[in-house]
Amino acid sequence: MKLLNILELPLRWSDMDAYNHLSHAHYFHLMTEARAVLFKANKLIESNLHFVAAQVECTYKIPYVYPDQIILKQYSESLGRSSFILHYEFYARERPGLHAQAKARMVAFDPLAKKP
């Protein structure tokens, strides 16, 4: 795997669920943010090629507890003809260990031809 970028984001009180853990949905928002940073840095947002998430999965290991800093590492895992897999690792500044890991299979999509 090749490390593509690292995002450091504050854990906000509004990101927490009723059990005082980072909401499961927020992990997916963070992965989307990491992809946006990656695509913008590589000028892919301005291109005529779109990228859609075909499959996303996340395994939760250690819950985040407020307050903390989220450290999200994004890696390229594999590259196919019309798709690629991004791998994510979630860490925290204050609590050591892998908090979650995830994968997203992204498909390149031509919006004019309406196909990969």
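How exposed is Glu77 in strand S3, going by its relative accessible area? Glu77 is partly exposed, because its relative accessible area is 30%, and the scale behind that word calls a residue buried under 20% relative accessible area, exposed over 50%, and partly exposed in between (1.4 Å probe, protein chains only). Before going further, keep in mind that this is a predicted model: local features need pLDDT of at least 70, side-chain atom pairs count only at pLDDT 80 or more, and totals for chains, interfaces and linings use all residues. Residues are numbered from 1 along each chain as its sequence is written, and side-chain values use heavy atoms, with hydrogens and water left out.

Let's start with the sheet. Five strands make up an open sheet, in the order S1-S3-S4-S5-S2, with antiparallel pairing. S1 and S2 stand at the edges with a single partner strand each, so one side of each has no neighbour in the sheet. On average, neighbouring strands here are turned by 20 degrees against each other, direction ignored; the axes are lines fitted to C-alpha atoms (for helices over the stretch in contact), and angles run from 0 to 180 degrees between N-to-C directions. As for the labels, helices (H or I, at least four residues) and strands (E, at least two) are DSSP runs, numbered from the N terminus. Two strands pair if DSSP finds at least two bridges between them. Strands of a sheet pair through backbone hydrogen bonds, either parallel or antiparallel.

Now walk across the sheet from S1. Strand S1 covers residues 2-10 and is joined to S3, residues 69-79, by eight bridges in an antiparallel arrangement. Ile6 sits in S1, and its bridge partner in S3 is Lys73. Those two are 67 residues apart along the chain, yet their C-alpha atoms are separated by 4.5 Å. Leaving aside neighbours within four places in sequence, Ile6 is in contact (heavy atoms within 4.5 Å) with Ile71, Leu72 and Lys73. Ile6 counts as partly exposed because its relative accessibility is 45%.

Next comes S4, residues 83-92, which runs antiparallel to S3 and is joined to it by nine bridges. A hairpin takes the chain from S3 to S4 through three residues. Tyr75 has His87 in S4 as its bridge partner, and His87 in turn stands opposite Lys103 in S5. S5 spans residues 100-109, and eight bridges join S4 to this antiparallel strand.

Lys103 brings us back to the opening residue. The side chains of Glu77 and Lys103 meet in a salt bridge at 3.1 Å, N to O. Glu77 is in S3 and Lys103 in S5, so the pair ties together parts that are 26 residues apart in sequence. Lys103 is partly exposed, since its relative accessible area is 33%. A salt bridge here is a side-chain nitrogen of Lys or Arg within 4 Å of a carboxyl oxygen of Asp or Glu, and the structure holds three of them.

Another one pairs Arg93 with Glu8, the closest N and O atoms being 2.3 Å apart. This pair links distant parts of the chain: Arg93 is in the loop between S4 and S5, while Glu8 is in strand S1, 85 residues apart. Arg93 is partly exposed at 45% relative accessibility, and so is Glu8 at 43%. There is also a salt bridge between Arg12 and Asp15 (2.8 Å, N to O); Arg12 is partly exposed at 45%, whereas Asp15 is buried at 5%.

What about a charged residue with no salt bridge? Asp68, in the loop between strand S2 (50-60) and S3, is buried and has none; Arg95, the nearest side chain of opposite charge, is 5.9 Å away. For charges, Lys and Arg count as positive and Asp and Glu as negative, while His and the chain ends are not counted. The side chain of Asp68 does reach the backbone nitrogen of Arg93 at 3.3 Å and that of Glu94 at 2.9 Å. Not counting residues up to four places away in sequence, Asp68 touches residues including Pro10, Leu11 and Ala92.

In the loop between S2 and S3 you'll find Pro67, joined to Tyr66 by a cis peptide bond with omega about -5 degrees. Asn20, in the loop between S1 and helix H1 (24-41), has a phi near 65 degrees, a positive value in a residue other than glycine.

Methods: A polar contact is a pair of N or O atoms within 3.5 Å; within protein, one must be able to donate a hydrogen and the other to accept it, and residues adjacent in sequence count only if both atoms are side-chain atoms.
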